[in-house]
Amino acid sequence: MGFVMISRRGGSMPIRRKLSTTMVTTFGLTITLGIAFILAIFLMLVLSKEPAQTIFHFFVGPFANKFYFGNMLNAAIPLVFTGLGISVAFKSSVFNLGGEGQVYSGALVTTAVCLAIPNLNGLLGGTMALAAGLGIGALLAGLSGFFRMKWGTDELISSFLISGAIVLIINYLITGPLDDPTNSLLTTPKIGEQYRLFQFFKPSKLDISAFFAIIAAVLMFFLMYYTHWGYEMRMCGLNREFSRYGGINVSFYMVLPMILSGALHGLAGGFAVMGTHHAALKEFTFGMGWNGIAVALIARNNPLGVLPAAILFAYLDAGAKAAMLHSDVTFEIAAVIQSIIFYLVTAQAIYSLFRYRKREAA
Amino acid sequence: MNDNTFAIPLVHNAVGIMTPFLLAATGGLFTELTGMLNIALEGLMLIGAFFSVVFAAATGSLLMGILLGILATMAVALMFGVISLYLKANIFISGLATNLLASGLTVVLAFQLFGNKGVIRFENIQKLPVLSIPALQKIPVLGDLLIGHNILVYVSWAVLFIAAVVIYRTPFGLRLRGTGMGKDTIASLGLNPTGYQLKAIIISGFTCGLAGAGLTLNLSAFVPNITSGRGWIALVAIYLGNKNPLGILIACFVFGFAESFSNYAQGAMNMPAEIILAFPYIITVAAMIGYSIWRHYRAQA
Amino acid sequence: MAYLNMDRISKFYPESNVLANDNVYFELNRNEIHAIVGENGAGKSTLMKILFGMERPDSGRILLQNDEVKIKNPLDANALGIGMVHQHFRLIPDFTIAQNVVLGIEPTHNGLLLDRDEAIRRVEAVMDEYGFNLDPTQKVASLTVGQMQMVEIVKILYRKAELLILDEPTSVLTEQQIHKLFETMRNLCRLGKTIIIITHKLGEVKEISQRVTVMRKGKVVAIRNTEDVDEKELSRLMVGKSVIFQFDRSSRNKGAAVLELQDVLLQKKTTERPLLDRINLKVHSGEIVGIAGVGGNGLSEIEDIVSGLTPVSDGRILHNGKEITHLSARHLRERGLAYVPADRLHRGSSIETSVLENMIVSDHHSFLKGGVFSQHDIREFASTLLANYSIDGQSGVPIGTLSGGNIQKVILARELAARSDFIIFSEPTWGLDVASSEFIYSKILEIREQGTAVLLISSNLDEILGLADTLIVMYRGRIVCSHPNTEELSKEIIGEYMLGLRDDFKEGRQHAD
């Protein structure tokens, strides 16, 4: 008798892959970086009157001595935290665009706590300060996640807007009530000596927060792939319907990843203060949030991959700086190269030349 | 006449300040209507700002500067569009990349051409002509506020008007809106939705180029990152204005007024500028949340 | 001379390894309403997609009034006077009827501005010519589904279609809307149009068409005058020999009621009639209750509410006497209610994730030691299941790379492992090969022996008749038959229930037992 035309029923057609994903990703990434480096060389050839010098300093400069090398690694640290923050959000299919505000507020709150407790023991007070920085970031991002869960407000836009407002407010605080009156710089007073993290690679500013960054990456990797929160987050990120069917609390996993993401961003700011700058300067964290997105992209949202990705970005910045100091190009060529990497990394079509073909039943 | 003596310059300034917002938001409206989140407005405006003032100085003509600046911006927009639509890049990421590229490239070129990474002043350019249109002055209440602006301010109104006509009164506009509301439907009619999206991006390049020109030609100088977030504000204005021309006009005015007021308040009152500038963000996020709550409870009923 | 000839059309889809059209010969006369029937996958949609230019044939040709034509895209089809109304409407809800109809070929003032008045005028003219009673200035979003379909037809008439293809047009309509549609179709034929209707509803074929083409497995198996065939013969042609599975179903005494639905009502604001209309049913321990029906009559809604994914509007659901009506899918799983969904690829599994991670989703908490997954335990669990269920695949690969049969086995293994005393199956063997289907049947009978209460939803009548102890038929959201599965129930009789021709519960609501 009558047979059914069921529109949503799953078919039996398999999905074939021609190459495994890791191989393709590495291959694609190598191509991307290759193109980026060729472009860098091209830029320097065009812009510099002494291209050989420039190119040399760009690629080799960051390794030239302890100072440059250490500072390069140091610049990578906040990118590791923000990269982790973005990757945990992306993996769960939530979008945290408030990174800039979360990093900045983490920095300010950490500074404020340190300044408020000038006589406490370094370890205790420092931990409190970092916890506070972590907390404010978690709160800000978590708010967006909460609005998404409760009322369906788009967390991408709400986190961006909140961040925009926060940045302005913090700018005001740093240049106003919290400004250090003893100097003419736009910064808060310096935090107490006991809160400053040990810089172990003098004369560079590389401090022990580097180890915390590595620990954070390992922890996040462990969380995502070995614990049940990570499993549930990833399942929600890949297929919300399947997750709900399987009994996972999908609503909760709209909020938790945002909280984690914000917390990591807050830590980025906190460590930047306690490790390197020892105060909250106006706009000193700018770019850490946005670059975190680039880092997460290159790392394909894999927490361990964030480490080399962050170093890559910091390397580009450091190379540009070295080239600038020793030659005649300007630092901003790093931004140009980074933007090309962004484009290449996200242009899927390049990968589809080699990539697996996803086919579902027609 | 008005006896509110401080309000007039405040509002008058606001009308001038909102011009770049309005232009960028108008272009952004096209992209938004085709269903794309276009965050490259900021970067595109910066490109327009740089090239228009550079070309104006090079050719000695304001008009040429503006036209060539717009052309350059549209070229960058084309690249952005092709990468996002045809190379299947994530439009958000490529938008970020465009902003980053603009900010880096303009400084690199400035350094290359003028040996200066900071503020570059151009001596030989005229200022934007300030128009005095008597007809406008006759409008009650608003009259005084509408006169005495530079030409690009009036151009921005014209652009908004033309955009509204195009969007709501032409086949192109109908198909554009259709693309945002039903890509498959448009495709099934034999039309090319991706083509409309690309055109929308290029249009946003046009208006952002104009917006950027307004910033630098007003000062006869290029300041690195002169756009400082205006592109983002334009995007917010589109949402706050509920994605229609009149709403955008009002939203842009709100932002313009906020900036004007903060300039004023910095001097005269003791209210911090940044707090005032933060207001529009807060208003928008509150409006968004309020709208979500309303929509949520309406669906439940 | 036939109006349209499709001559030896073949189309092969390499990605899914399916020969969708195998030397198909199709012939259409002018002014007739011609029905094309066939099961899912018979090839009728593909054939029409080729006719409409959405697909290109590998071989064969199309002749329109004896002239060979090449149809490369829908625009070519339009130019030849061929229009298609798809099953899923292609309309922009926020636009008016007029805007939707003229979109793409809008009338303009001097080429630049839209001429709204002219558009309305022209659309009205078309509607008057063909007898449509709609207001062109009304927004599509405010129309009923039947009216939206009319707009789709107006769209293609506006483009001067002579040949109209309607793809499953009645699947979303109410009875009255169907009558209206058929009236419209007859009227269009009187005015000179030719219509092809793709349908699976054999009653409608008899009602509206003059000739019918039956397709099966990519081939045309019969072309008949409608008056020369009856529904029985049509269905026989569609199905061919039915595949007989040997079901060793021993008679059992059923135990206590495990799952019970009491007066369950499901109503959405967007539909006119309730999706589930006062459903009462019980599933006992050791009993297989089979629910049959045509898609769109409430089967998938039963699936959704029993699994907790859609909340009921009214009524109660009881598990072993305890109320579970408002529990979420999560809590139902904690109580051990297992569920094998019809939508394997989007709901039953996450195709990019590994087999392993798919296997543990319902019960992953049990593998935790101190919040951390015990990799060893998980792997052991997975290999046990892979072996027990003869699943051809490794646990580390993405589940999407497995064949359909193996994916279903993974889902089955997972659900059976996590169940307590109840499980619901929806379309368990749809699209699967014989070997996998047999395996699944044997498992279902096995758990029945073990006392599990089984709810089986299926469109495969052979399957239901073979497995079910009690048979329920749904029609338009109501239960119209609830009967022990005895000799008295033949496929013909069940078919009559499925098509609404029989109804045991029309007067007053009796309880199904």
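## A briefing on chains A, B and C

Chain A has 14 helices and zero strands, in a model that is predicted.

**Chain A on its own**
- Following the sequence of chain A, you read the pattern α-α-α-α-α-α-α-α-α-α-α-α-α-α.
- Chain A holds 362 residues, and 60% of them are buried.
- Take the contacts in chain A between residues at least 6 apart in sequence: 77% of these link residues at least 24 apart.

**Where chain A meets chain B**
- Chain A puts 33 residues into the contact, and chain B puts in 36 residues.
- On the side of chain A that touches chain B, the elements giving two or more residues are α5 (122-151), α6 (155-175), α11 (288-298), α13 (333-346) and α14 (348-352) of chain A.
- The most comes from α6(A), which gives ten residues to that side.
- By class, the side of chain A that touches chain B has 21 nonpolar residues, eleven polar and one charged.

**A helix pair inside chain B**
- In chain B, helix α2 (residues 41-59) packs with helix α10 (residues 193-219), their axes 6 Å apart and at an angle of about 55 degrees.
- That angle is why α2(B) counts as oblique to α10(B).
- The crossing in which α2(B) passes α10(B) is right-handed.
- Residues of α2(B) in this contact include B:L44, B:G48, B:S52 and B:A56, while those of α10(B) include B:G205, B:C208, B:G212 and B:T216.
- The contact of α2(B) with α10(B) has 14 nonpolar residues, seven polar ones and no charged ones.

**Domains of chain C**
- According to the domain assignment, chain C has domain 1 (4-239), domain 2 (242-336 + 419-513) and domain 3 (355-417).
- Domain 1 and domain 3 of chain C have C-alpha centres 45 Å apart.

**A look at C:I195**
- You will find C:I195 in strand β10 (residues 194-198) of chain C.
- C:I195 counts as buried because it has 25 C-beta neighbours inside 10 Å, and the cut-off for buried is 20 or more.
- Leaving out residues up to four places away in sequence, C:I195 touches C:I33, C:L164, C:L166, C:M185, C:L188 and C:C189.
- One of these partners, C:M185, is ten residues from C:I195 in sequence, with 7.6 Å between their C-alpha atoms.

Definitions and conventions: Residues numbered from 1 in each chain as written. Chains lettered and ligands numbered in written order. Predicted model: local features only at pLDDT ≥ 70, side-chain atom pairs only at ≥ 80, totals over all residues. Axes fitted to C-alpha atoms, helices over the stretch in contact; angles between N-to-C directions. Helix = DSSP H or I, 4+ residues; strand = E, 2+ residues; numbered from the N terminus. Parallel < 35°, antiparallel > 145°, perpendicular 65-115°, else oblique. Left-handed = near helix turned anticlockwise from the far one by under 90°. Contact = placed C-beta atoms within 7 Å. Nonpolar A, V, L, I, M, F, W, Y, C, P; charged D, E, K, R; others polar. Domains from an automatic or database assignment. Buried ≥ 20, exposed ≤ 12 C-beta atoms within 10 Å, placed from the backbone.
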